[in-house]
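Thanks for coming. I will take a few minutes to walk through one structure, for those who have not looked at it before.

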Amino acid sequence: MTQTRGWRLVLAPRGAPQSVRRFAKRARQRRLRAALPWLVALAVAALLGVAAVVVLATPVLGVERIEVAGVATLSADAVRQAAGVPHGTPLARVDLRAVERRVRQLKPVRTVAASADFPRTLRLRIEERSAVAAVVKVGGFVLLDAEGVGYLPVEAAPVGLPVLRLADPEPGDDTTTAALTVLAALPPFLRAVMTALVAESPTRIRLELTDRRTVVWGDATENEAKVRVLEFTQVAPGRTLDVSAPGVVVER
């Protein structure tokens with residue numbers, strides 16, 4: 001009988017009786033069965049290690065395509081550039097949340113969702129901002145969404161889009177918020193004849209209409225009552241109608 005490190009091998013001497021040989025054989029089989037789970041675990045660990053290296057540290061499963069969906073104002077190439085993911089970057093190592101943060105820095109982007117489509121595709125689904133007005137700026141206009149974000153400079157106001165005159169439109173700005181509140185309350189018959197909504201402060205809002213007509217709106221309260229006044233009151237060309245206090249309408 002010979003003993004090695006951690007193992008106890010039973011060897012039958014040459015010429016030993018058959019029963020002794022069977023005993024030695026069964027002993028070896030028991031040792032092999034006991035060692036088999038460890039051998040399998042080592043093999044699996046080795047395979048997982050190789051797989052991890054392939055997935056995380058080589059371009060075998062690297063980014064080959066960046067597919068962009070949902071863009072109209074932006075180009076897909078502009079989104080890919082903002083994503084900042086080099087070709088061949090292991091897809092499993094791409095920080096999807098960081099990609100989304102970078103893409104959201106593009107002003108026309110309202111929301112973005114990044115996802116990994118193995119083996120080699122990064123998908124970006126974009127929701128762009130929708131314009132509710134065009135704000136007058138030096139040299140042109142900037143499109144404004146319902147949150148007060150000015151996101152796209154344009155040379156001319158798109159047809160059918162209301163024009164706003166605001167000194168400095170910003171999300172959360174009181175004057176911007178008041179102007180957008182009034183704009184949302186205006187019915188189609190007023191929008192059709194309005195050439196611009198002017199907001200100098202949250203309480204100094206007016207509508208400029210065709211034929212040099214003006215409606216002094218005041219603040220962004222009692223909007224329904226002000227609209228009802230204008231449904232039944234005509235504003236003569238060149239005249240101003242003050243509906244800031246809808247119970248006391250003044251024309252001048």
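I will go through the sheets, then the helices on them, and end with a single residue.

Keep in mind that this is a predicted model.

Let me start with the sheet of 3 strands. It is open, with the order β3-β5-β4 and mixed pairing. The edges are β3, residues 65-69, and β4, residues 109-117, and each of these pairs on one side only. From one strand to the next, the twist averages 20°.

Which sense of pairing do β3 and β5 have? They are parallel, with 5 bridges between β3 and β5, where β5 covers residues 121-128. If you want a place to look, take I66: its bridge partner in β5 is L122.

Helix α2, residues 76-83, lies across β3 and β5 and runs at about 125° to β3. Helix α3, residues 96-104, lies across β4 and β5, at about 150° to β4.

Now a closer look at α2. Which of its residues are buried? V79, A82 and A83 are. These residues span an arc of only 105° around the axis, so they sit on the same side of α2. D77 and Q81, on the other side of α2, are exposed. The cover over the buried residues of α2 includes β3, β5 and α3. After α2 comes G84, which has a positive phi, near 70°.

How do α2 and α3 meet? Their axes are 8 Å apart, and the two helices pack at an angle of about 125°. Angles from 65 to 115 degrees would count as roughly perpendicular and those over 145 as roughly antiparallel, so α2 is oblique to α3. The crossing of α2 and α3 is right-handed. On the α2 side the contact is made by V79, A82 and A83, and on the α3 side by V99, R102 and V103. V79, A82 and A83 are also the residues I listed as buried in α2.

On to the other sheet. It has 9 strands, is open, and runs in the order β8-β7-β6-β9-β10-β11-β12-β13-β14, with mixed pairing. β8, residues 150-154, and β14, residues 250-251, are at the edges with a single partner strand each, so one side of each has no neighbour in the sheet.

Within this sheet, β6, residues 131-137, and β7, residues 140-145, pair in the antiparallel sense over 6 bridges. V135 has V142 as its bridge partner in β7. Helix α4, residues 174-185, packs on the sheet and touches β6, β7, β9, β10, β11 and β12; its direction makes about 150° with that of β10. Helix α6, residues 223-232, also packs on the sheet, where it touches β12 and β13, and its direction is at about 155° to that of β12.

L124 lies in strand β5. Is L124 buried or exposed? Its relative accessible area is 2%, and under 20% counts as buried, so L124 is buried.

What does L124 touch? Leaving out residues up to four places away in sequence, its contacts are I66, E67, V68, A69, V79, A83, V99, V103, A113 and A114. Of these, V79 and A83 belong to α2, while V99 and V103 belong to α3. L124 and I66 are 58 residues apart in sequence, but their C-alpha atoms are 7.3 Å apart in space.

Notes
Residues numbered from 1 in each chain as written. Predicted model: local features only at pLDDT ≥ 70, side-chain atom pairs only at ≥ 80, totals over all residues. Heavy atoms only, no water. Pairing = 2+ DSSP bridges. Helix = DSSP H or I, 4+ residues; strand = E, 2+ residues; numbered from the N terminus. Axes fitted to C-alpha atoms, helices over the stretch in contact; angles between N-to-C directions. Contact = heavy atoms within 4.5 Å. Buried < 20%, exposed > 50% of the residue type's maximum accessible area, 1.4 Å probe, protein only. Arc of directions from axis to C-beta. Parallel < 35°, antiparallel > 145°, perpendicular 65-115°, else oblique. Left-handed = near helix turned anticlockwise from the far one by under 90°.
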